[in-house]
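Please keep the sequence and the 3D view open while reading.

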Amino acid sequence: MACAGSRKPSTPKFSVVDDAGRTVGLSGSALRVVSLAPSSTELLFAVGAGPQVVGRTTWCRYPAAALAVPVVGDGLDPNLEAVAATHPDLVVLYRSPSNGTAITQLDQLGIKSVVLRQDLLVDVARDARLLGTLTGHQVAGDSIARLLDSLSALPAAAARARVAIVVWDNPPIVIGGGSFLDELGRLAGAQNVFHDLPQASATVSLESIASRNPDFIAVVDDSSASNTPSFARRPEWRAVPAVRAGHIIHLPGTLFGRPSPRAAEAVAAYARLLNGTK
Amino acid sequence: MILALEHVHARYPGTERDALAGVSLGVSPGELVAVLGPNGSGKTTLVRVALGTLAPSAGSVVVSGRRAGEWDRRALARVAAVVTQREEMTFPQRARESVMLGRYPHLPPFAAPRSADHQAVRDALEACDALGLADRWLETLSGGEQQRVRLARALAQEPQLLVLDEPTASLDVKHEMELFERVRALVDRRKLAAVVITHHVNLAARFADRVLLLSRGASAGSGSAREVLTRETVERVFEWPIAIQAFDDRPQMIPLRRELPTDRS
Amino acid sequence: MKNAGLVALSLIALALAVILGPTSVPLRDLIHSPIVRDLRVPRALLGLLVGGALGVSGAGLQALVRNPLADPFLMGLSGGAGLGAVGAIALHLSGPWALPLAAFLGALAAMALVYRLGLVAGATLDPRILLLAGVVVGSFAAAISTAIVSLSEAEQLRNAMLWLWGGLSGASWTTVLVMLIYLPVPLVILVASARPLDLMALGDEPAAYLGADVARVRRRVYLAASLLTAAAVAVSGVIGFVGLIVPHIGRLIWGHRHRALIPVSFLGGGILLMLSDTLARTMVAPRELPVGIVTALIGVPAFAVLLRRWVGARA
């Protein structure tokens, strides 16, 4: 094994606590990183550690440079053989019950792993700092973190419109107050009508959407503004005034698909979309 | 004759041997015919062929003037009633409801049972001495009681031909005798035609007007009990030594003892 | 008596489904409220129709396979519908009706396959083979669905699974109309098969001797019950339990004569589904529970109470 197992236990140069509460120590910058989540891949490239990424999942497609990195399988329930074959000195995983065993097995193989969970902007900030530290790009990581922290500390913009963000139509699933999309909206002036739900997303009755009467319906996809999502053509959804009036915003997947360091860009795009469709 | 089988051959799909080979049988109203034979000799097959649930490969089957295969099932059920060897009890029901199933061939498609139907059910239960069982749940009844209910159901069909397939299979002597007496009385008083499949050679001999003995799908004798049930014939068909003694002017078969070949080590 | 009571209960369940909801609409505004008119009323009616279809289908299938534990979704239809739905999403089929149509076709394909397998033992559709074929086809379809889900982007397909869990969210006047046009034929077939189904409970041979055309009845009942189930899945996903338990509750009170049991199962299924859906919408408003969970939560205690009373009353 190339990494820690063969050396005498020494004081690690970096020691961080990951999002699962685990203390992870590295004796030097991680130079061969496998990222098992699209959000961490994006973050690694953002802090400048792109050249150090030696493995990604099939779904890690941003930024474009990531496409050149070899694929080692899926993020949830990962292919550990493929991961180990790249001789990584750090593996970044998404915090989820389904890769619990993977983490234990990586520990047994002597491969350092760090578990991240980026749900809100403040998480992205913290993780940017963490990954920056671990990969030797502390300055870049800190700078991104500061940007995001100040962004999330901003007061809510003047509410320009009331929005419901629809993730699925049957049963209707909307974004709640516990999601970064809710945060981004707050900063862009889009007040989430389901902000009172603490979860990141929840199944609600169509009736609630209709009665809360948002000005816009937002969906996260990459189609153009003129493309009506198929659920908007269903008769029962037309009971929602915003659907009937065609007030539907498309939030591009690259910016809005996951909490990312380009949050400021996302907020600006969001505000533009709100203005454009008024 | 209400039932006439002539030189009937029948074979189950996928088998190599005829289940029935050249069997003839005629039954008229007021007659009780017993069909005898060892297991596998084709007795139940005979019932199926007679009532059109198995097509014969050769020969003719005529029920009440029409070929068995041409009868509409509902119409045939108004002429002939069968008490099968086994039936299932998927859902619990009361005796009275079970007997009402016998009225179904008579009920118009969507109408409810009429008072005439309820009366027919009562009459049928009474003829089988089962009126007291009417409101009992079937699965709480004894074997003999269940058999009476099933016979009542068959009578509720108001048939001219009654077919019973091994009706006394699990009954004790009292219920066996009662069943045969009851069927005999129905035949005599109501002029029903009855075919009783049974392996009870002796009871068959006592109660039947005529007997058909089957062996391996073929007829081993047809006629009065005295004509058919000779010692030679019975020994050959049942593959066991017997003696014949007369009782009530009917032959009764008495199996003899025989030492079984054992391997002595 | 009990018939009038059942009808009254249906009307009450219908009324509750229209009056109650996550949004409070005052009684006098009910007629004018677009929410009530465009969402609640069609949803209540769809609950009646889907619940009814499932109840009747369950009654027919239980008699068909001579097994009181038969459920409309035992025969592979839910697996087929799930595969159709998952396939449609994985292939990114667009269109507002893509999902229901795909689920319906998937269910029909499963039905045809099970039917074909059931004919292997002869024209009479042996019930044991039907059951076995149903389980096999359903498992096979479920396995393929799982493979598709595991190989695809988790997000969309997780949501497809939620759709499959069942719910009346897709209710609209259009779906109600479609069901009203579609349901009568299979329902009439089942009603007309009521007497033969009574006879078939005795076994194939006794039934034939009592006048039933067993092969034909089996085919018709299987097709009609499957068509009812396929339609239910297409508009509302897999809502389990209704088809299983409603006929049993019906038998406890009305006996097992299908002439009464089939209409009773229709109304009973409708009542159970309407009440369950009302609860699903209001219990954690504005959120919604999957209706299949609520049908079990209501159905099981109701069944247990009735069963105790019935067991005690048996002589």
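## Chain interfaces and local features

Between chain C and chain A there are two salt bridges, a salt bridge being a side-chain nitrogen of Lys or Arg within 4 Å of a carboxyl oxygen of Asp or Glu. A:Glu207 is paired in this way with C:Arg281, and their closest N and O atoms are 3.6 Å apart. This is a predicted model, in which local features need pLDDT of at least 70 and side-chain atom pairs count only at pLDDT 80 or more, while totals for chains, interfaces and linings use all residues. Residues are numbered from 1 along each chain as its sequence is written, chains are lettered from A and ligands numbered from 1 in the order in which they are written, and side-chain values use heavy atoms, with hydrogens and water left out.

### Chain C against chain A

Across the interface of chain C and chain A, seven residue pairs are in polar contact, both residues being at pLDDT 80 or more; a polar contact is a pair of N or O atoms within 3.5 Å, where within protein one must be able to donate a hydrogen and the other to accept it, and residues adjacent in sequence count only if both atoms are side-chain atoms. On the side of chain C that touches chain A, at least two residues each come from H2, helix H4 (98-118), helix H5 (127-151), helix H6 (154-165) and helix H7 (173-182) of chain C. H6(C) gives the most to this side, with six residues. Helices (H or I, at least four residues) and strands (E, at least two) are DSSP runs, numbered from the N terminus.

In terms of contact, which means heavy atoms within 4.5 Å, 33 residues of chain C meet 28 residues of chain A. The area buried between chain C and chain A is about 2,600 Å², and carbon and sulfur atoms give 59% of it; buried area is the accessible area (1.4 Å probe) that two parts lose on being put together, summed over both.

### Chain C against chain B

Here 27 residues of chain C are in contact with 34 residues of chain B. The buried area between chain C and chain B is about 2,700 Å², with 59% given by carbon and sulfur atoms. C:Arg195, C:Leu202 and C:Tyr209 supply 28% of the area that chain C buries against chain B, more than any other three residues.

The count of salt bridges between chain C and chain B is two. C:Glu205 forms a salt bridge with B:Arg48, the closest N and O atoms being 2.6 Å apart. Eleven residue pairs are in polar contact across the interface of chain C and chain B, both at pLDDT 80 or more. The elements of chain C that give two or more residues to the side touching chain B are H2, helix H8 (184-192), helix H9 (194-200) and helix H10 (204-209), and H10(C) gives the most, with four residues.

### Backbone features

Most residues other than glycine have a negative phi, and most peptide bonds are trans. The table lists the exceptions described here.

| Site | Feature | Value |
|---|---|---|
| A:Asn170 and A:Pro171 | cis peptide bond | omega about 0 degrees |
| C:Ala285 and C:Pro286 | cis peptide bond | omega about 5 degrees |
| B:Glu239 | positive phi, not a glycine | phi about 55 degrees |
| C:Phe241 | positive phi, not a glycine | phi about 85 degrees |

A:Pro171 lies in the loop between strand S7 (161-169) and strand S8 (172-175) of chain A, and C:Pro286 in the loop between helix H13 (258-282) and helix H14 (291-313) of chain C. B:Glu239 is in the loop between helix H9 (231-238) and strand S11 (242-247) of chain B, whereas C:Phe241 is in the loop between helix H11 (214-236) and helix H12 (242-254) of chain C.

### Buried and exposed residues

Buried means under 20% relative accessible area, exposed over 50%, and partly exposed in between (1.4 Å probe, protein chains only). B:Glu239 counts as exposed because its relative accessible area is 53%. B:Thr168, in the loop between strand S7 (161-165) and helix H6 (173-190) of chain B, counts as buried because its relative accessibility is 4%.

C:Leu197 is found in helix H9 of chain C and counts as buried because its relative accessibility is 0%. Not counting residues up to four places away in sequence, C:Leu197 touches C:Gly60, C:Ala63, C:Leu64, C:Val221 and C:His258.
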